[in-house]
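Reader: I am new to this protein and would like to learn how to read its features. Could you walk me through them?

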Amino acid sequence: MNSSLRTSATGMIAQQRMIDVIADNLANVNTTGFKRSRVSFEDMLYETLQGTRIVNQPGAENVGPVQVGKGVRVAAILRQHGQGAVEQTGRPLDLSIEGDGFLQVRRPDGNTAYTRDGNLSLSESGALVTNGGYPIVPEINVPRDSAQVSIGPSGIVSVMTPGAADPVEVGRIEVARFLNPNGLLAIGENQYLQTPASGDPIEGLPQDEGFGRVIQGSLESSNVEIVQEMTDMIAAQRAYEINARAIRVGEDMMQATSDLIR
């Protein structure tokens with residue numbers, strides 16, 4: 001087989017993967033706390049037709065190697081953890097983090113997951129939980145007779161109870177950040193797990209040095225930019241088409257060679 005066919009096929013596969021990632025970004029354009037991903041490519045092996053020529057003649061220069069590349073492959077799919085826009089909802093148990101930090105969530109298997117989705121609610125026992133029913137860490141319970149829940153920028157959760165003149169503190173939200181958030185493993189439900197690549201979580205409180213603040217009554221929107229995704233999609237589509245055309249040209253050349261033999 002003409003090697004150009006294989007080379008162009010790697011280009012089509014790579015551009016298809018880019019379209020897959022863009023489609024996922026666009027599908028989650030309205031997902032709370034979603035972080036867009038971007039594909040990074042790298043070239044593959046090279047066929048060296050001729051090595052470096054060292055010319056020992058006076059007045060002549062050395063000549064570099066002559067190589068032909070063998071295509072492209074996906075090197076990485078990096079998640080961009082830039083801040084999404086803060087959208088006001090007015091719902092008391094909605095919260096967003098402005099700055100670095102993830103909410104910590106206890107999963108049924110005992111592992112701690114991390115999320116930027118602050119769409120919280122109360123369980124039947126009064127615990128603050130995510131949409132999936134996972135309690136946040138550390139667990140915060142709101143008394144049944146509470147009339148109002150307030151969450152301050154530093155994460156302090158306080159409630160008004162019957163007969164009390166001042167709010168009563170019932171807990172404080174803690175957050176975690178990572179040296180390399182790109183190393184986190186996405187597991188769905190807007191959650192991530194730590195990995196050796198992400199490093200251990202650095203736990204702290206909102207508004208501490210290096211951590212963001214909590215904003216009650218708001219949610220962090222996805223950081224997907226539709227115009228950027230559409231631009232990338234057009235570029236990937238054109239690259240896919242030009243690789244397909246290269247395959248057709250290679251096939252025509254093979255056919256022309258075959259016709260000469262007949």
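Reader: What do the buried residues of H1 pack against?

Author: They pack against strand S1 (37-43), strand S4 (72-79) and helix H2 (226-261). Helices (H or I, at least four residues) and strands (E, at least two) are DSSP runs, numbered from the N terminus. Contact means heavy atoms within 4.5 Å. Please keep in mind that this is a predicted model: local features need pLDDT of at least 70, side-chain atom pairs count only at pLDDT 80 or more, and totals for chains, interfaces and linings use all residues. Residues are numbered from 1 along each chain as its sequence is written, and side-chain values use heavy atoms, with hydrogens and water left out.

Reader: Which residues of H1 are buried?

Author: A residue is buried under 20% relative accessible area, exposed over 50% and partly exposed in between (1.4 Å probe, protein chains only). In H1 the buried residues include Leu 5, Met 12, Met 18, Val 21 and Ile 22. Among those of H2 are Glu 229, Asp 232 and Ala 236, and what covers the buried residues of H2 includes H1.

Reader: How many Å should H1 span, and how far apart are its end C-alpha atoms?

Author: The expected span of a helix is 1.5 Å times one less than its number of residues. H1 (residues 3-27) has 25 residues, so it should span 36 Å, and its end C-alpha atoms are 36 Å apart, which agrees.

Reader: Where is Val 29 found, and what does Val 29 touch?

Author: Val 29 is in the loop between H1 and S1. Its relative accessibility is 23%, so Val 29 counts as partly exposed. Not counting residues up to four places away in sequence, Val 29 touches Ser 222, Val 224 and Ile 226.

Reader: Which domains does the domain assignment give?

Author: Domain bounds come from an automatic or database domain assignment. Here it gives domain 1 (3-81 + 225-261) and domain 2 (85-221). Their C-alpha centres lie 42 Å apart, and the contact takes eight residues from domain 1 and 12 residues from domain 2.

Reader: How many aromatic pairs does the structure hold?

Author: A pair of aromatic rings is described by the distance of the centres and the angle of the planes. Rings of Phe, Tyr and Trp (its six-membered ring) pair if their centres lie within 6.5 Å; planes under 30 degrees apart count as stacked, over 60 as edge-to-face and the rest as tilted. This structure holds three such pairs. In one of them, Phe 102 and Phe 178 have ring centres 6.1 Å apart and planes at 70 degrees, so the pair is edge-to-face. Phe 102 lies in strand S7 (residues 102-106) and Phe 178 in the loop between strand S15 (175-177) and strand S16 (185-188), so the pair ties together parts 76 residues apart in sequence. Tyr 114 and Phe 178 also form an edge-to-face pair, 4.9 Å centre to centre with 85 degrees between the planes.

Reader: Is Tyr 114 buried or exposed?

Author: Tyr 114 has 3% relative accessibility, so this residue counts as buried. Phe 178 is buried as well, with a relative accessible area of 6%. Phe 102, Tyr 114, Phe 178 and Tyr 192 form one aromatic cluster.
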